[in-house]
Amino acid sequence: MNRFPVDVALIVVDLQPDFMPGGALACADGDAIVPGIAELLAQRRYHTVVATQDWHPADHASFASQHPGHAPFEQITLHGHPQTLWPDHCVQGTPGAALHSSVDWDAADLILRKGTRRQVDSYSAFQENFGPEGTRPATGLAGWLRERGIAEVHVCGLARDYCVLWTAQDAVASGFRVGYLWELTRAVSADNDATTRDALLAAGIQVR
């Protein structure tokens, strides 16, 4: 099987048990994409592979449990911007936060942990959400990829309508060509699929 050019990288977003059926923040059929992603990595078609890992402190500001009187999936204003409140998930060091054990992660050149700052959520692999400073701090991934000569990224993983989408949009904003591996993603809510496709089209992102 042909390998992709050396300037194309794969980003696997948050393939973690807490986002699978039975997990704390399950995506419907989230486990269905694991075999395909495992095979993709095993084929070694990409010269550069990045995996992201949601890695929250136990008292993270995005958790509904930290906001008395609020329930998961409610929306509040945090640092002047809308914030969805989530069930406690991907808490540092817990089994639900581990990278999925059915994938051989030896193919990954970089494992990027995100959402580690208590006061700031982080959907995208490239930038955190808005923080108390009023900015979206960079994770450093764009620079790391550029220094490796990467011009294009393909994204997959969980969740289709949040972390994978934001990663793809921020990749475009960072100057990369982007391919979105739709069949290797699943959503928090499939009701968002049409909106997600519209957002990808608006950003000029190729659905592969």
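What follows is a conversation about pockets, ring contacts and some backbone details of this model.

Reader: What kind of model is it, predicted or experimental?
Author: The model is predicted.

Reader: What classes make up the lining of the largest cavity?
Author: There are 9 nonpolar, 3 polar and 2 charged residues in the lining of the largest cavity.

Reader: Back to His89. Where does it sit?
Author: His89 is in the loop between β4 and β5. Its relative accessible area is 3%, so His89 is buried. The side chain of His89 reaches the backbone oxygen of Pro87 at 2.8 Å.

Reader: Now the rings. How many aromatic pairs does the count come to?
Author: The count comes to 8 aromatic pairs. One of them is Phe4 with Tyr46, a stacked pair with 4.4 Å centre to centre and 25° between the planes.

Reader: Which parts of the chain does the pair of Phe4 and Tyr46 link?
Author: The pair links distant parts of the chain, 42 residues apart. Phe4 is in the segment before β1 (8-13), and Tyr46 is in the loop between α1 (34-42) and β2 (48-54). Both Phe4 and Tyr46 are buried.

Reader: Why is the pair of Phe126 and Phe176 called tilted?
Author: The planes of Phe126 and Phe176 are at 40°, with the ring centres 5.9 Å apart, so the pair is tilted. Stacked would need planes under 30 degrees apart, and edge-to-face over 60.

Reader: What parts does the pair of Phe126 and Phe176 tie together?
Author: Phe126 lies in the loop between β5 (110-114) and α2 (141-147), while Phe176 lies in the loop between α3 (163-173) and β7 (177-186), so the pair ties together parts 50 residues apart in sequence.

Reader: Phe126 first: buried or exposed?
Author: Phe126 is buried, because its relative accessible area is 3% and buried means under 20%. Phe176, at 6% relative accessibility, also counts as buried.

Reader: Which residues form the aromatic cluster?
Author: Phe73, Trp86, Tyr123, Tyr162 and Trp166 form one aromatic cluster. Tyr123 and Trp166 are also among the residues closest to the centre of the largest pocket, and Trp86 is among those closest to the centre of the largest cavity.

Reader: Which residue lies over the face of Trp55?
Author: Arg113 does, at 3.7 Å from the ring centre. Likewise, Arg160 lies over the face of Trp182, at 4.1 Å from the ring centre.

Reader: Change of topic, the backbone. Which peptide bond is cis?
Author: The bond from Leu158 to Ala159 is cis, with omega near -5°. Ala159 is in the loop between β6 (152-158) and α3.

Reader: Which residue has a positive phi of about 50° although it is not a glycine?
Author: That is Asp14, in the loop between β1 and α1. Asp14 counts as buried because its relative accessibility is 0%.

Reader: What does the side chain of Asp14 contact?
Author: A polar contact of 2.7 Å joins the side chain of Asp14 to that of Thr52. Thr52 is in strand β2, and its relative accessible area is 1%, so Thr52 is buried.

Reader: And His79, where does it lie?
Author: His79 lies in the loop between β3 and β4. It has a positive phi of about 55° although it is not a glycine. At 25% relative accessibility, His79 counts as partly exposed.

Note on methods
Residues numbered from 1 in each chain as written. Predicted model: local features only at pLDDT ≥ 70, side-chain atom pairs only at ≥ 80, totals over all residues. Heavy atoms only, no water. 1 Å grid on protein atoms, 1.4 Å probe; cavity = no way out; pocket = protein on both sides within 12 Å on 5 of 7 lines; lining within 4 Å. Phe/Tyr/Trp six-rings, centres within 6.5 Å; stacked < 30°, edge-to-face > 60°. Helix = DSSP H or I, 4+ residues; strand = E, 2+ residues; numbered from the N terminus. Buried < 20%, exposed > 50% of the residue type's maximum accessible area, 1.4 Å probe, protein only. Lys NZ or Arg CZ within 6 Å of the ring centre and 35° of its normal. Polar contact = N/O pair within 3.5 Å; in protein donor to acceptor, adjacent residues only side chain to side chain. Nonpolar A, V, L, I, M, F, W, Y, C, P; charged D, E, K, R; others polar.
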